[in-house]
Amino acid sequence: MVRDPARRRCFGPEIWFAGVAMHLAMLAAFLYAPQDVSGEAQRIFYFHVPSAWVAFLAFFVTVIASIAVLAKRSMWWDSLAVSSAEIGTLFCTMALVSGSIWGKAAWNVWWVWDARLTTTFIVWLIYASYAVLRMNTPSAERSARFAAVYAIVGFASVPLTFLAIRLWRTQHPPAVVMGGDGGGLEPKMLHALLFCVGAFTVLFVAFLRGRFRLEQLRRATQ
Amino acid sequence: MTYVIAAYGFIGAAISVYGLAMYARFRRLRAAAKDVSDE
């Protein structure tokens with residue numbers, strides 16, 4: 001049985017888990033994880049990496065939902081795609097800004113046109129444009145189909161960004177997980193990072209559910 | 001430490017503002033939907 005969107009709540013109970021997990025993640029980043037030899041600014045990493053992870057996860061959900069939109073012609077999947085793309089853009093912004101602040105602390109510059117930074121910025125532009133594309137296509141069904149094709153083609157930039165630090169010599173630090181030589185973390189740092197990744201993932205699920213319900217309600221009231 | 005506070009402050013503010021804006025928009029739409037169904 002499908003419940004009336006107007007009778008639902010925006011967030012489910014997972015938003016409370018996300019709130020607690022995010023506070024614990026802060027404690028893990030500041031109290032549990034030891035200070036790195038590179039200084040205090042390294043602690044930015046504990047929220048920067050999970051932001052990027054959630055952005056990629058959200059774009060992956062978007063591309064899966066977009067494929068389903070084309071295969072099933074279902075607006076349910078379109079609601080999921082638009083919700084996930086918006087959240088992915090938010091977390092991609094957070095990753096870009098926190099990375100830029102770390103860059104200022106570590107390299108004394110806010111931005112360099114390095115392969116990882118540039119490809120991440122391209123991903124951000126693609127998914128920010130996705131929202132604009134949707135706003136400017138009048139018919140809902142046409143908008144859903146155009147946006148689905150755009151999201152699938154645009155997703156090619158996501159694995160490129162993931163591989164950028166593995167394929168090219170970049171100024172960005174090497175990958176700490178699955179990074180091969182030059183990567184790796186001290187166990188306590190790795191535990192803190194994995195906890196933060198978990199907390200951000202729970203937050204993503206809570207936001208996705210809320211945004212999806214909002215999208216369904218918006219369509220029901222139109 | 002200033003950079004750490006700036007980065008965590010930005011992320012915290014972005015998450016809070018986005019979550020609250022989503023909740024406010026949902027409540028507004030739900031109120032509008034209820035008004036329509038009550039009429």
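I looked up A:R73 first. A:R73 has 13 C-beta neighbours inside 10 Å, so I logged it as partly exposed. My scale runs on C-beta atoms placed from the backbone: a residue is buried with 20 or more others within 10 Å of its own, exposed with 12 or fewer, and partly exposed in between. Phi of A:R73 is near 55°, a positive value in a non-glycine residue. A:R73 sits in the loop between α2 and α3 of chain A. Helices here are DSSP runs (H or I, at least four residues), and strands are E runs of at least two, numbered from the N terminus.

The model is predicted; local features need pLDDT of at least 70, side-chain atom pairs count only at pLDDT 80 or more, and totals for chains, interfaces and linings use all residues. Residues are numbered from 1 along each chain as its sequence is written, with chains lettered from A and ligands numbered from 1 in the order in which they are written.

Next, A:N108. Phi is near 65° for A:N108, again positive and not in a glycine. A:N108 lies in the loop between α3 and α4 of chain A. I noted A:N108 as exposed, because 7 other C-beta atoms lie within 10 Å.

Then I turned to chain B. I found 1 helix and 0 strands in chain B. Of its 39 residues, 23% are buried. I counted 21 residues of chain B in contact with 26 of chain A (contact: C-beta atoms, placed from the backbone, within 7 Å).

Last, A:F91. I found A:F91 touching A:S51, A:V54, A:A55 and A:A58, leaving out residues up to four places away in sequence.

Definitions and conventions. Contact = placed C-beta atoms within 7 Å.
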